[in-house]
Amino acid sequence: MSEYITILPKAGLCNRLRFLFSFKYKMIQENINKKLVVIWPVNIQCNGFLWDVIKPLDNCWALKNNNRNFKISASSCGPISLYKKCNYLKNIEFKPRDRIYNRIIQLINLMSNKYIALHIRRTDLTGHLKYKKMQHLETNDKSFIDFIKKNKQYKVYIATDNRETQIKFKKLFPKRVIFNKEIIKMNGHRRTSLEDAVTDIFMCALSNKFKGTFYSSFSEFIELMRRDNNILDNNHENPKELCIKKYK
C-alpha cells in the first residue's frame, strides 16, 4: 500500500485552500497515517506556489506539477462535502510566511489596531451569478457602504478584485479606507499577486468586524478562519494580539 495520498486542488486560491485543509481534516478524523502530496499548479487561476506564501504544513509535500506520476486520489475546487460544514482548520497550523506576517502587522498598526474589513468581490463573480440567475442575490455596494456608516469609530480595510471599487470607496471615505495595494489592470483582467491575496485574507480574518460577499469562496474561507479563532463581532477587540498569538 502506498505511503502517500496525492490530491490536486483546483481553481483559485481559496477554493484550493478549502479543499486542502478539509482533506487534511478528513485524514485526521479518519486516522489516515500517510504523507499528503499536494499537486499545486501555478497558472492563471492561482498565480503562485503554496509554500511561497504559507509555511509548510506538517506531513505535507507540495509540488508544482506531477512529473513523478503520483496517482491522484482526489481533486476538487472546494471543500470535501462530508466536512464542508465543519471547522476543518481545527488543529491545523496555517501561518503566512514571515514577510507576509510582517506586512500584516504593519497594516494593523496603520489601522491603529482597530478596524472593520470588507471583501468586495466583483469582476468574474458578477458574471457567474448572472449565469446562475442569482444576480439579485449579489452583495451590492450599498450594503457595504451601510456597514461602514454603521461602524463610524473604525478604520476600514478593503480587499477587492476591482480597481474601480478601490477608487469609489476611497472617494467616499478618504480618511478611513485603507487597502494593501492598488490593483493594476492589464488587458481587462485584474493582476493581484498570491502574496497580496494572502495578506487580504489574514487582514479580513483578524479584523474587529467583517462583511464579505455572497457566493465568494474567498469570503467563506475568511469566515471559517474567524470561526476557528472564535471571533464574534461584538467581543473581538485586539487584531494585533490575535495575530501575534496565533500566526507568528
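Three bridges join strand E5 to strand E10, and the two strands run parallel. In E10, the partner of isoleucine 116 across a bridge is lysine 209. Two strands count as paired if DSSP finds at least two bridges between them.

Before I continue, a word on the basis of these values. The model is predicted, so local features need pLDDT of at least 70 and side-chain atom pairs count only at pLDDT 80 or more, whereas totals for chains, interfaces and linings use all residues. Residues are numbered from 1 along each chain as its sequence is written, and side-chain values use heavy atoms, with hydrogens and water left out.

Let me place the E5 and E10 pair in its sheet. Four strands, in the order E7-E6-E5-E10, form an open sheet with parallel pairing. E7 and E10, the latter spanning residues 209-211, are the edge strands, and each pairs on one side only. Helix H6 packs on this sheet and touches E5, E6 and E7; the direction of H6 makes about 165° with that of E6. Such angles run from 0 to 180 degrees between N-to-C directions, and axes are lines fitted to C-alpha atoms, for helices over the stretch in contact. Touching, or contact, means heavy atoms within 4.5 Å.

I turn to strand E6. Five of the six residues of E6, which covers 155-160, are buried. Buried stands for under 20% relative accessible area, exposed for over 50%, and partly exposed for values in between, with a 1.4 Å probe and protein chains only. E6 is joined by six bridges to E5, residues 115-120, in a parallel arrangement; there, histidine 119 has alanine 159 of E6 as its bridge partner. Two bridges join E6 to E7, residues 177-178, again in parallel, and valine 156 stands opposite valine 177 of E7. E6, H6 (residues 163-172) and E7 together make a right-handed β-α-β unit. Right-handed means that, with the strands pointing away from the viewer, the path from the first strand over the helix to the second runs clockwise.

Is tyrosine 154 buried or exposed? Its relative accessibility is 9%, so tyrosine 154 counts as buried. Leaving aside residues up to four places away in sequence, tyrosine 154 touches Lys114, Tyr115, Ile116, Arg176, Asn208 and Lys209. Asparagine 113 lies 41 residues from tyrosine 154 in sequence, and the two are 9.5 Å apart in space, C-alpha to C-alpha.

The next topic is a second sheet. Its four strands form an open sheet in the order E3-E2-E1-E4, with parallel pairing. Strand E3 (60-63) and strand E4 (72-76) are at the edges with a single partner strand each, so one side of each has no neighbour in the sheet. On average, neighbouring strands of this sheet are turned by 25° against each other, direction ignored. Strand E1, residues 4-9, pairs with E4 over four bridges in the parallel sense, and threonine 6 stands opposite isoleucine 72 of E4. Helix H1 packs on the sheet, touching E1, E2 (35-39), E3 and E4, and the direction of H1 makes about 155° with that of E1.

H1 also packs against two helices. Which residues of H1 and H7 make their contact? Leu13, Cys14 and Leu17 of H1 meet Leu194, Ala197, Val198 and Ile201 of H7. The axes of H1 and H7 (residues 194-206) are 11 Å apart, at an angle of about 65°. H1 and H7 are therefore roughly perpendicular. Angles under 35 degrees count as roughly parallel, over 145 as roughly antiparallel, 65 to 115 as roughly perpendicular, and the rest as oblique.

With helix H8 (residues 217-228), H1 (residues 13-29) packs at about 45°, the axes being 8 Å apart. H1 and H8 are therefore oblique to each other. Cys14, Asn15, Leu17, Arg18 and Phe21 of H1 make this contact with Ser217, Phe218, Glu220 and Phe221 of H8.

Finally, two backbone angles. Serine 112, in the loop between helix H3 (98-110) and E5, has a positive phi of about 60° although it is not a glycine. At 54% relative accessibility, serine 112 counts as exposed. Tyrosine 215, in the loop between E10 and H8, has a positive phi near 70°. Tyrosine 215 is partly exposed, at a relative accessible area of 36%.
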